Amino acid sequence: GQAYRQGMPVLQDNEAAFSWFKKVWEGGEEPIAQAAYELGEQYLKGEGVEKDEDKALDFFSRAAELKNPAAQYQLGAFAYGENPPRYEDAFAWFSNAATQGYAPAQYMTGFMLLQGQGTAKSMPLALRFFEQAAEQNDVSAQYVLGQIYTKGLGVKKNLQKGRQWLERAAENGSEAAQLLLN
């Protein structure tokens, strides 16, 4: 399924990828979380199957129950993006995925802790999650850490540390970090 979805080493064929993921999901004695996650992604994006957000959420939920951090992140993103946002649910999903080392979820957990969205504000915890994500080359976390240390936002101002994070963010493609450095 991955080979067909990514087009390596075979030609990309989203319908074939969907078929393989579905066979894996339905055919085994033990459900495989990654297959459910991939089916959710394909339904979400309409790749090889008609786009269907409800089916995507169903597969993400199944994968999340099996502790798939990418699926937990997706459920957090859905809760965060609703109108009105369901911050408590989003924080719960993001933090579950973050504790499994999933960098995008570590960034969002840090962001929500910084803002006090769905949880109490905590700069020390926010920094911990930002640093974990930044060490995995999450450019958003690197940029935020650069700003936090450069401006002394909730921490002692540290221009050297701030510059280091901004430089890493710029190296990873952050135009905003490059502007601040200039």
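A search of the whole structure finds 11 aromatic pairs, where rings of Phe, Tyr and Trp (its six-membered ring) pair if their centres lie within 6.5 Å, with planes under 30 degrees apart counted as stacked, over 60 as edge-to-face and the rest as tilted. This is a predicted model, in which local features need pLDDT of at least 70 and side-chain atom pairs count only at pLDDT 80 or more, while totals for chains, interfaces and linings use all residues. Residues are numbered from 1 along each chain as its sequence is written, and side-chain values use heavy atoms, leaving out hydrogens and water.

**Aromatic rings**

- Tyr-107 and Phe-130 make a tilted pair, 5.6 Å centre to centre with 45° between the planes.
- Because Tyr-107 belongs to helix 7 (residues 103-115) and Phe-130 to helix 8 (residues 123-135), the pair ties together parts 23 residues apart in sequence; helices here are DSSP runs of H or I, at least four residues, numbered from the N terminus.
- Tyr-107 is buried at 16% relative accessible area, and Phe-130 is buried at 0% (buried means under 20%, with a 1.4 Å probe and protein chains only).
- Ring pairs also link Tyr-73, Tyr-80, Tyr-87, Phe-94 and Tyr-102 into a cluster.

**Charges over rings**

- Arg-62 sits over the face of Phe-59, 5.3 Å from the ring centre (for Arg, CZ must be within 6 Å of the ring centre and within 35 degrees of the ring normal).
- Arg-128 lies over the face of Phe-129, at 5.1 Å from the ring centre.

**Around Gln-142**

- Gln-142 lies in helix 9 (residues 139-151) and is buried, with a relative accessible area of 0%.
- Leaving aside neighbours within four places in sequence, Gln-142 is in contact (heavy atoms within 4.5 Å) with residues including Trp-165, Leu-166 and Asn-172.

Technical notes
Helix = DSSP H or I, 4+ residues; strand = E, 2+ residues; numbered from the N terminus. Buried < 20%, exposed > 50% of the residue type's maximum accessible area, 1.4 Å probe, protein only.
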